[in-house]
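The structure comes before the details.

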Amino acid sequence: MLRTVLLSNETDWPGFRQRARELLIEGVAPPEITWHTPADAAGDLFAASSHAGDTAAQPASVQPDPPATASADITTRPQPNPTSPLSVSPVFLRLCETVMLHRDPGRFALLYRLLWRLAREADLRHDPLDADRVQAQHMAQAVRRDLHKMKAFVRFRQVVRPDAPEPLHVAWFEPEHHIVEAAAPFFMRRFAQMRWAILTPERCVRWDGERLEFSPGAQRSDAPPPDADEALWLTYYRHIFNPARLKLAMMQKEMPRKYWHNLPEAALISPLAAGAHAASGRMMAALPTEPLRRIARTAPVCSAETTAMIADARDDINPSSSSRTSSIDAMRAISSAPLTALSALKQATDRCRECPIGEHATQSVFGEGPAGAVLMVVGEQPGDQEDLRGRPFVGPAGKLFDQAVAQLGWSRAQLYVTNAVKHFKFELRGKRRIHKTPTQREAAACLHWLESEIEQVRPRAIVALGATAARALLGRQVAVMRERGQWHNSPRGERVLVTLHPSALLRGDPAEHEAAYAQWLRDLSLANEIVGVSSADPLSR
Ligand code: URA
């Protein structure tokens with residue numbers, strides 16, 4: 001006799017589990033069961049008709065899941081011992097839960113068949129190449145991929161309603177499988193502070209700040225048109241697009257074309273990719289095969305001499321406070337130039353050899369900005385571009401920083417921008433110079449230069465970009481992710497705002513770029529009061 005089971009919805013795992021348990025106990029073989037959901041039963045006369053002994057008279061009832069930590073009792077009547085229950089591992093249960101989200105209507109039959117066979121075929125557990133097991137694995141993989149894509153490619157657009165206190169962020173997405181419920185907790189955690197809704201053709205989910213609410217599917221036209229945030233996101237995308245890293249095949253694998261029509265940045269891909277070859281050619285041409293050493297190699301400066309150089313530099317603007325030592329005679333050429341203390345310090349750093357980094361760099365990269373800047377911004381160390389040009393934050397991280405500065409309504413002319421370490425540390429990979437993080441010892445050796453800059457500039461506050469800067473300024477290890485977006489007091493009494501380094505954003509997961517950048521802007525905007533800018537949400541500028 002053919003049994004028909006009607007589950008209550010496409011992802012009715014508790015219902016499936018309960019019915020499977022009952023049917024296994026009854027000893028109903030897989031070919032004797034057809035599985036349906038209301039969606040497919042609607043078009044299926046056979047499922048809708050009533051059969052004698054039909055178990056589909058009621059949708060399967062829903063029971064709470066037992067925790068999947070111990071081996072779970074799916075309870076069947078395996079032969080030859082029909083009374084012993086079938087226990088399946090938590091791993092297998094999780095596989096079943098994932099397969100349940102697949103779009104294939106055959107998934108229920110497959111899972112039931114696997115359970116049935118597990119109870120009867122002792123070897124099945126040890127046969128990873130079994131066709132049913134392989135098929136289940138492929139289906140689970142497809143679901144996981146779909147979940148990953150949804151997390152990566154959902155793009156919210158802001159809807160502002162005069163009657164609503166807060167804007168709603170709405171996204172349109174077309175998942176391949178039944179994953180909306182499974183993906184919702186991720187978005188809830190990720191965008192907990194936002195009010196948002198994700199519309200899909202089959203199911204919608206909405207977060208009101210307290211609860212997730214699910215509702216039937218929607219249409220694409222229900223989603224809002226492009227907004228100002230989107231223009232911002234496109235600008236950001238253009239900035240982070242690195243032509244030298246473009247691998248079109250790889251990119252299309254990661255971001256398959258079928259998602260493009262819902263991705264605003266997809267419109268940029270073709271023009272950016274078309275220009276990528278020429279752009280990366282220019283980048284390669286600009287890269288030195290050997291660092292372009294501008295500074296003549298000179299005798300290394302020892303610590304005592306460095307201290308004297310600082311004194312020397314200070315004397316240049318305040319000759320009465322002279323405290324020279326004979327060891328600085330070699331530096332007279334520096335001090336005789338028409339220098340401010342800062343530019344004297346800058347020249348002095350070129351010859352600093354208190355750690356080995358300076359020996360291999362093109363030149364030192366000293367801070368830049370007005371001596372009376374209200375806000376000082378401290379990065380880690382110059383990068384490749386900065387090393388070549390002798391200026392801080394002029395490479396890719398600097399471009400992102402400039403974008404943030406503009407968006408915050410600040411001007412770089414108000415800022416004194418510098419680094420914790422004054423020389424570029426790198427390792428050569430082929431012809432490329434790859435950034436290496438300075439060691440604590442190296443950063444400590446460089447600290448007095450930064451202290452001298454602070455002393456000269458006397459900013460009202462300092463922004464530490466990343467862990468190296470934060471550690472140098474606060475004199476202790478700083479957990480940037482935990483301590484970001486807050487003001488801290490340095491041992492010297494400076495107010496220090498900690499946030500991420502822009503390179504961390506450039507390196508981060510592309511799926512997280514948009515949110516990470518927005519959070520970074522919010523961190524930085526805490527310094528609006530210092531720069532004299534009103535504190536509106538930087539993203540709404
Ligand atoms: N990263 C930094 O920390 N500083 C720069 O100047 C450039 C990149």
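The shell around the ligand divides into three nonpolar, five polar and two charged residues. Here Ala, Val, Leu, Ile, Met, Phe, Trp, Tyr, Cys and Pro count as nonpolar, Asp, Glu, Lys and Arg as charged, and the others, Gly among them, as polar. The model is predicted: local features need pLDDT of at least 70, side-chain atom pairs count only at pLDDT 80 or more, and totals for chains, interfaces and linings use all residues. Residues are numbered from 1 along each chain as its sequence is written, and side-chain values use heavy atoms, with hydrogens and water left out.

**Ligand site**

- Gly 379, Glu 380, Gln 381, Pro 382, Gly 383, Glu 386, Pro 392, Phe 393, Asn 419 and His 501 surround the ligand, each with a heavy atom within 4 Å of it.
- A polar backbone atom of Gln 381 is 2.9 Å from a ligand nitrogen atom.
- A polar backbone atom of Phe 393 is 2.8 Å from a ligand oxygen atom.
- A polar side-chain atom of His 501 is 2.6 Å from an oxygen atom of the ligand.
- The ligand taken alone exposes 240 Å², of which the protein buries 94% (Shrake-Rupley method, 1.4 Å probe).

**Helix pair**

- Helices α6 (residues 131-153) and α7 (residues 180-190) pack at about 35°, with axes 10 Å apart; axes are lines fitted to C-alpha atoms over the stretch in contact, and angles run from 0 to 180 degrees between N-to-C directions.
- Leu 147, Met 150 and Lys 151 of α6 meet Ala 182, Ala 183, Phe 186 and Phe 187 of α7, contact meaning heavy atoms within 4.5 Å.
- By class, this contact has six nonpolar, no polar and one charged residues.

Key. Polar contact = N/O pair within 3.5 Å; in protein donor to acceptor, adjacent residues only side chain to side chain. Helix = DSSP H or I, 4+ residues; strand = E, 2+ residues; numbered from the N terminus.
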